Amino acid sequence: MNFILLKERHMMNKLPQQEENRRTVENRKNYLLRRQAQYQYAYEYANTIAVVRKLPCREIPGPGYWLRGGINLLQLIPSLPSLLVTYMRYLLGKPMESYRDYIFYPFSPPNPALVDNFQQDLIFGLQRVIGVNPVVLRAVTSQHPLPQKLPESEIQRVFAKYVDETDYATAITQKRVYILDYADLEILQRNPGQIDGGRKQYVTTPIVVLFLQADGILRPIAIQLYQDAGPDNPIYTPNDGNLWLAAKTFAQVADGNHHILVTHATRIHYVMEAIIMASRRQLYKSHPLCVLLNPHLRHTLNVNHQHTFLRDRKGRPGRYGELFAGDYDATTQCMANGMTSFDFRASAFPNDIASREVDNPDLFYPYRDDGVLLWNAIQHFATEYIDVCYQSDGDVAEDCEIQAWAHDIGARDRGRIPGFPARFASRQELAETIGHVIFLCTAFHSCIHFNQYKYPGFVPNMPHSAYAPPPVGKGAEMDADGLLKFQPAFRAAYSQTWTYFQTNFTVNRIGQYPLRQFDPAARDVIERFRKRLQEIEGRIDQRNSSRPVPYDRMNPRIIPNGVTV
Ligand SMILES: [Fe+2]
């Protein structure tokens, strides 16, 4: 008994109910009241997404962060003469002549392997499972058949023509038919943007059908460019020559818009913004979960506060945001829709894999296969940590700070994250949520963010807008020059520079915690977590040595500890 009392007295990190006297309780409350005054909510993106009203100074990174950013950009210097020549040609009105002209930094090229192969069907298929947005792919099953807007009889005909291995009905039962559906982009399609003095931007709302080959790789076999079937909206197939290449470009444009506006900015950066706001406002600095989460929450508010999409004080829209295909209002509304249609619980890694029915082990899907290792390790870690901090479910229910934290994240007048638990009734529920938050800002963000230079960084592979209208019907003429017209002009250099800076810049690594700030039992939990991460590194290295294409974004060796850029 005495030993337990002694141990509690020396605990650095206490739950609010463990405070020993009125003075410390008052200090704690006053500290949080001051924080709540500093971190107030505002609503941006069509008055929908919660952001911090004024960025507190403590959220601005120190000189080390900016120095790293500067050194990162210095690596582009050897390529500047080449960039200057391209720019001069642009100023003289000379058009881009080939896709290779879109390598603006020849000494740091985005993805040399992609440059000559990006138009191949299998490269398109691979990007669904190893690219920047590996969470759109969905199996066609009896429970989730083809969307009604895609005529099934037509798809069966296409299937019979392009698939020798099996028949359509068998392929469905074996989970070998997949779709990508970009219906969410309708608002962009209806409200296209303009850039650089009136150059019109285009995006469509494609539905893509893919077949799972015997080697585990996905092959696209049909693309309908708009949602509603009709004579002007045929299903393009690999037999359609340049029209097929155009259809794939429009599918890539759609994926690029969905990747940033829905998956990346909205469902990672701004979900984390609400979680960070709640953490600053409701968790005392020595609350054991504040101590645990802090290393995962650094720099994000500062990153989100930049005028990437929103207008600045002078009313100018963000330079990067302008590259996307909708006009300003449509782009911001698309992000708002991405948030209101989000569900935190449903987005948990296993729930997402189950709901998209992408569990066929024959599918080459490293995001899924490595992701499950990370998800399980992080969940295990969170469970052990919670068990150290809370002796019972009652302790969780009694922790007024963590209950206020949950309320802040989901409440309509606070963080507005749909599907976030309103309160926690058990240790298990709390651990699942904390593990989910850590997975979101580490492993998931690693996959969604850091492949940007590799795939959309080579702009012809994934332009964020097309700059010529999509083909209308199978009778449309489309030569190589026509295909090149879909590409942006010199703005592509801006996009490539941006993605280079964003993806070549890391400041920390998953598993890094300042151990001295933790109590001894918690330190042991962290050490065990680090050991598990090390084992996963080895396992993923081993997997990569025999994969058709290596996938490293789930390797703990290169996963950052939060959304730091
Ligand atoms: Fe990011």
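## A tour that starts at the iron

Select the iron ion first: its protein donors are H264 (NE2), H269 (NE2), H445 (NE2) and H449 (ND1), which lie 2.1 to 2.2 Å from it. Donors here are N, O and S atoms within 2.8 Å of the metal (3.2 Å for Na, K and Ca), and since water is not among the atoms, sites may look incomplete. You are looking at a predicted model, where local features need pLDDT of at least 70 and side-chain atom pairs count only at pLDDT 80 or more, while totals for chains, interfaces and linings use all residues. Residues are numbered from 1 along each chain as its sequence is written, and side-chain values use heavy atoms, with hydrogens and water left out.

Stay on the metal and turn on angle labels. The four donor atoms subtend angles of 92 to 162° around the iron ion, so the arrangement is irregular. For the cut-offs: four donors are tetrahedral if all angles lie between 85 and 135 degrees; four are square planar and six octahedral if opposite donors are over 155 degrees apart and all others between 65 and 115; anything else is irregular. Along the chain, the donors follow the spacing H-x4-H-x175-H-x3-H.

Helices (H or I, at least four residues) and strands (E, at least two) are DSSP runs, numbered from the N terminus. Both of these histidines, H445 and H449, are buried, where buried means under 20% relative accessible area, exposed over 50% and partly exposed in between (1.4 Å probe, protein chains only).

**Next stop: L323**

Select L323, in the loop between α12 (300-305) and α13 (328-340). With a relative accessible area of 4%, L323 is buried. What does L323 contact, leaving aside its neighbours within four places in sequence? The list is I195, Q201, H464, S465, Y467, R491, Y494 and S495, with contact meaning heavy atoms within 4.5 Å.

**Positive phi angles**

Most residues other than glycine have a negative phi. Go to D196, in the loop between β5 (194-195) and β6 (199-200), and you'll find a positive phi near 50°. D196 is partly exposed, at a relative accessible area of 43%.

Then pick E357, in the loop between α14 (349-355) and α15 (366-389). Its phi is also positive, near 55°. Is E357 buried or exposed? It is buried, with a relative accessible area of 11%.

Another positive phi, near 55°, belongs to Y45, in the hairpin of β1 and β2, which has four residues between the strands. Display both strands: β1 (residues 41-44) and β2 (residues 49-52) run antiparallel and are joined by four bridges. Two strands pair if DSSP finds at least two bridges between them. Across the pair, A42 stands opposite V51.

**Zoom out**

Finally, show the whole protein chain: 21 helices and nine strands. Its C-alpha atoms fill a box of roughly 85 × 55 × 45 Å along the principal axes. Of the 565 residues, 58% count as buried. Among contacts with a separation of 6 or more, 75% come from residues 24 or more positions apart.
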